[in-house]
Amino acid sequence: MSMTLSYDRLSEEEKHRRFLDRIEKGEKIEADDWMPDDYRQTLIKLISMHGISEIMGALPEKEWVPKAPSLRRKLGIMAKVQDEMGHGQLLLRVAEDLMKPYGKTREEIMQDLFRGDLKFHNVFHMPAPTWGDAGLIGWLVDGAAIITQTNMLKASYGPYARALKRICAEEVFHAQHGEAIILALAEGTDAQRAMIQDAIDRWWESLLMFFGPATSTTTGTSKQDITIKYKIRTKTNEQLRQDFLDKYIPRVLSLGLTIPDETLRYDKTEEKWVYKQPDWSEFKNIVRNNGPKSKDRLNLRINAYENNAWVREALSPDEAVV
Ligand SMILES: [Fe+2]
Ligand SMILES: [Fe+2]
């Protein structure tokens, strides 16, 4: 009998039960499938923020295209900037499909960013004044992104999982590109080594912040709990940060560089890194667009969006000329 019953006629509780059952079995939820509102809203927020961060992340690196020290490095960084813009486009398409029931469009995601209603990743509010920063962003910021994104490769939402598969493959190239820059500088002159040490000293807190606070201060169910409950990801912010520390601390130290935290140590009994907490109130301040480069980058994005309006118009189906 249930076979003949249309899905639409099921009660909300039954739809919800079947939805959780599908997720539990490892099935993928697709754009047109029924999904609970908090699942949809969590995904919209997560994917819009991810997509916009890809685009905002291209800005500090774009600054380095004209200044890259060789043609080879210039080509590498240009390809990375193009990839990041592509990641942004791919993700905004995924977010747009999810927003359809609310009648919201991709254009509105951009307006949310411009108004300050949509946050982008803390790391992209920071300055990148030296070539050491350009290398460090590829090596450690993309390295951190690989850790959070591979944790969502099996996300219950099919379109996001598939987008991430392609994105992660490209992020690996970005991390290798960054590592190559850092290795070259590490083998270079004293001034070059000092340049990467300075970049690490300035970026360390931001890298710890990248994964978000360990516990949410919001009341009720935290965002972390919802994404884990709905199998969008499996690890908590702290577990992801520990994975990052496990992977990169030995690499940083092996280059003869130091980490600006005299309290940093590995606790063998607890099997985790003990580190000095970054200033989480400063983190909140930064993502509310009060970071050192927040306003500049937003203005750059607004200008680019306005200057490129003619491209969107030319490509719009409404403008098609027979
Ligand atoms: Fe990316
Ligand atoms: Fe990247």
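Mentor: Gladly. Let's begin with a cut-off: a residue is exposed when its relative accessible area is over 50%, buried when under 20%, and partly exposed in between. Keep in mind that this is a predicted model.

Trainee: Why is Lys-100 called exposed?

Mentor: Its relative accessible area is 57%, and the label needs over 50%, so Lys-100 counts as exposed.

Trainee: What makes Asp-97 partly exposed?

Mentor: Asp-97 has 32% relative accessibility.

Trainee: What about Asp-133 and Arg-202, and how far apart are their closest N and O atoms?

Mentor: They are 2.8 Å apart, and this pair is a salt bridge too. It links distant parts of the chain, with Asp-133 in helix 5 (residues 131–150) and Arg-202 in helix 7 (residues 190–209), 69 residues apart. Asp-133 is at 0% relative accessibility, so it counts as buried, whereas Arg-202, at 32%, is partly exposed.

Trainee: Which residues do salt bridges with shared partners join into one network?

Mentor: Glu-61, Lys-80, Glu-84 and Asp-142. Within it, Glu-61 pairs with Lys-80 at 2.6 Å between the closest N and O atoms. Both Glu-61 and Lys-80 are buried. The whole structure holds 24 salt bridges.

Trainee: Now the metal: why is the arrangement around the iron ion (ligand 1) called irregular?

Mentor: Its donors come from Glu-54, Glu-84, His-87 and Glu-171, at 1.9 to 2.2 Å. The 4 donor atoms subtend angles of 89 to 141 degrees.

Trainee: Which residue coordinates both the iron ion (ligand 1) and the iron ion (ligand 2)?

Mentor: Glu-84 does, and the two ions are 3.3 Å apart. Glu-84 lies in helix 3 and Glu-171 in helix 6 (residues 158–186), so this pair ties together parts 87 residues apart in sequence.

Trainee: Are Glu-84 and Glu-171 buried or exposed?

Mentor: Glu-84 is at 5% relative accessibility and Glu-171 has a relative accessible area of 2%. Each value is under 20%, so Glu-84 and Glu-171 are buried.

Methods. Residues are numbered from 1 along each chain as its sequence is written. Chains are lettered from A and ligands numbered from 1 in the order in which they are written. This is a predicted model: local features need pLDDT of at least 70, side-chain atom pairs count only at pLDDT 80 or more; totals for chains, interfaces and linings use all residues. Side-chain values use heavy atoms; hydrogens and water are left out. A salt bridge is a side-chain nitrogen of Lys or Arg within 4 Å of a carboxyl oxygen of Asp or Glu. Buried means under 20% relative accessible area, exposed over 50%, partly exposed in between (1.4 Å probe, protein chains only). Helices (H or I, at least four residues) and strands (E, at least two) are DSSP runs, numbered from the N terminus. Donors are N, O and S atoms within 2.8 Å of the metal (3.2 Å for Na, K and Ca); water is not among the atoms, so sites may look incomplete. Four donors count as tetrahedral if all angles lie between 85 and 135 degrees; four count as square planar and six as octahedral if opposite donors are over 155 degrees apart and all others between 65 and 115; anything else is irregular.
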